[in-house]
Amino acid sequence: MPSSIAIPKNYLEKVNNEYKLVDVVKDYIKDLYKFINNYKSVWNWHVVDFYMKDCWYDEKIFPTEWRLLKDCTLDEILRMTSLHEVKEEWPESLKNYIHLTKEISLIRNPELINLDNHFTIEDINKNILIGMNPKKIYEVKILAALINKVAKSNHINNILDIGAGQAYLSSVLAYQHNLRVLGVDCDQIQICGASTRNEYIKRALAFNSSNKKNNNTNNNNNKEKNENDGNYNDENYSTNENENENENKSDSNEKEKQIGKLYMCNRLVTENDTFASLIEEITKHEEIIDPKESWLTCGLHACGDLTPSMIKLFLKGNSNAFVGIGCCYNLLTEEDHDNNEKGFPLSEFSNENGFQLGPAAKMIACQVTPKWITQKSSIGETFKKHFYRALLQVIIFENHLLPEEEEVENHIVIGRMRKQHMKSFKAYATEALQRLHVPIEKIESLPFESYVEKYQHRQGEIIAAWALRTLISNAIESLILTDRWLFFQEQSRILQESTQNQCIDTHLFPLFDQVTSPRNMVFIAIKKTQAKKPKNF
């Protein structure tokens, strides 16, 4: 199956024999970048400046006709943000922006991809679920089934799970899908936790297996006793025969349901490493694997630059397949540093076109607008937090609470607030100013209630502005993901030119429900040779 990507339908329809998919995707990513930059003023502002610079009333940031949004109810704002619903009386420029934020983004609904036709999702043995919350169970169950499908279809039995953490994905691949798995993580604490968890799972699985064998032995003894007593007639014989058949099937299934192996490793993996060499290193050469054996590299929600690093590792190394889902775009680097290559942009095409994001855009890409409508209470608290922070900035500057150099540099970091500090603005401001080492007597003299009274009626402005800012999150994430897809394509072309018979098929599509698991876009890449084509997902 040739490479694929879940771009909007109106772009996909442009693909033909003369205009290849990669050409269409280049047009698509240029349109994405243009759209994001056309509305840069809408998203490239900071909440601390909102009242200080009167952002809502600055026509260079928000069009004048959009100001009616400040009077909308919270429900209307949430429906606009999560469902892209608009009201008839809203100005066309606003409706067009809301519409485009959805239409230009990658397809995010897995139901539109018909995944059920491609692989089967199994329920996970309860002994392997230890430590997983419902969201993690949902993600791991689906991704593990996909990885198993890709691996088995391409005659791969070895899996390298990078950024394995507590080895949730690794353990399901090993003990549910009978694969040999090496989980790698640079965090020693995570590896220790994963190893402890792994030992528990192995003991639990061994205990259950032993119990089943004992039960089967007892059942067989009881049947022999009944037969010796002659306690069966035609009806009983028929029933026993069916039971016998079912038990034989159960025994057979139990034998077939073998479990694989799971190893954990605390180290960096380089392009010169192979699965075989890593296993030999970990087991101190007690286990030897044929270096020619194929292996698959995978990762679930590898943070920031880790996903780009995994992609490069797959492309430069000897891994045969890649399945990965990234996250934490705010941690992506856009410049090479300390011998580490940047995480965005990856593709030569994006670099040549000068694509840049900046801190604000990368942070916005992490937002999850589809969930807002299902979390009205928590989103309301988020809006209140932004209102408090913007108002605090006004108090700090109007009352000269910090040294002038700190105020000018605007590097005022408050950090996360506990729930108890969000009960009132006074509680919030008091805690925040204490963190900034403002004298307590100065804090106690501030007229907090007067500020709240003065700005309370303007809270709707910051709610509307934050919603408009966050609406573009899917488009920014689409830009990051499409750049990665193009990078795979460019490397495939280079590989094909250098080897004449090798290429890389790459697929990008939604795997999870976005409300349940917001970072839901998965990459599959498979190295192919024309001489012996592996089956493709």
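Ala, Val, Leu, Ile, Met, Phe, Trp, Tyr, Cys and Pro count as nonpolar here, Asp, Glu, Lys and Arg count as charged, and the others, Gly among them, count as polar. With that sorted, let's look around this structure, which is a predicted model.

The residues in question are Asn158, Thr274, Phe275, Ala276, Ile289, Asp290, Pro291, Glu293 and Trp295. How many cavities of 30 Å³ or more does the structure hold? There is 1, and the volume of the largest cavity is about 30 Å³.

**An open pocket**

The largest pocket has a volume of about 1,700 Å³. Its lining takes in 40 residues, and the ones nearest the centre are Met363, Gln367, Lys385, His386 and Trp466. Sorted by class, the lining of the largest pocket comes to 16 nonpolar, 12 polar and 12 charged residues. Which helix gives the largest share of that lining? That's helix 15, with 8 residues. At least two lining residues each come from helix 13 (359-364), helix 14 (369-372), helix 15 and helix 20.

**Helix 4 and its two partners**

| Pair | Angle | Axis distance |
|---|---|---|
| Helix 4 (residues 74-83) and helix 15 (residues 376-398) | about 100 degrees | 12 Å |
| Helix 4 and helix 20 (residues 459-470) | roughly 5 degrees | within 10 Å |

Angles of 65 to 115 degrees count as roughly perpendicular, so helix 4 and helix 15 are roughly perpendicular to each other. Where they touch, Leu74, Asp75 and Leu78 of helix 4 meet Lys376, Ile379 and Phe383 of helix 15. This contact has 4 nonpolar residues, no polar ones and 2 charged ones.

What about helix 20? The axes of helix 4 and helix 20 cross at roughly 5 degrees, which makes helix 4 roughly parallel to helix 20. On the helix 4 side, the contact uses Ile77, Met80 and Thr81, while helix 20 brings Ile463, Ala464, Ala467 and Leu468. The class count for helix 4 with helix 20 is 6 nonpolar, 1 polar and no charged residues.

**One more helix**

Finally, take a look at helix 6 (residues 134-153), which has 20 residues. From first C-alpha to last, helix 6 reaches 29 Å, close to the expected 28 Å. After helix 6 comes His155, with a positive phi near 55 degrees.

Technical notes
Residues numbered from 1 in each chain as written. Predicted model: local features only at pLDDT ≥ 70, side-chain atom pairs only at ≥ 80, totals over all residues. Heavy atoms only, no water. Helix = DSSP H or I, 4+ residues; strand = E, 2+ residues; numbered from the N terminus. Expected span 1.5 Å × (residues − 1). Axes fitted to C-alpha atoms, helices over the stretch in contact; angles between N-to-C directions. Parallel < 35°, antiparallel > 145°, perpendicular 65-115°, else oblique. Contact = heavy atoms within 4.5 Å. 1 Å grid on protein atoms, 1.4 Å probe; cavity = no way out; pocket = protein on both sides within 12 Å on 5 of 7 lines; lining within 4 Å. Points joined across faces, edges and corners; volume = space filled by probe spheres on them.
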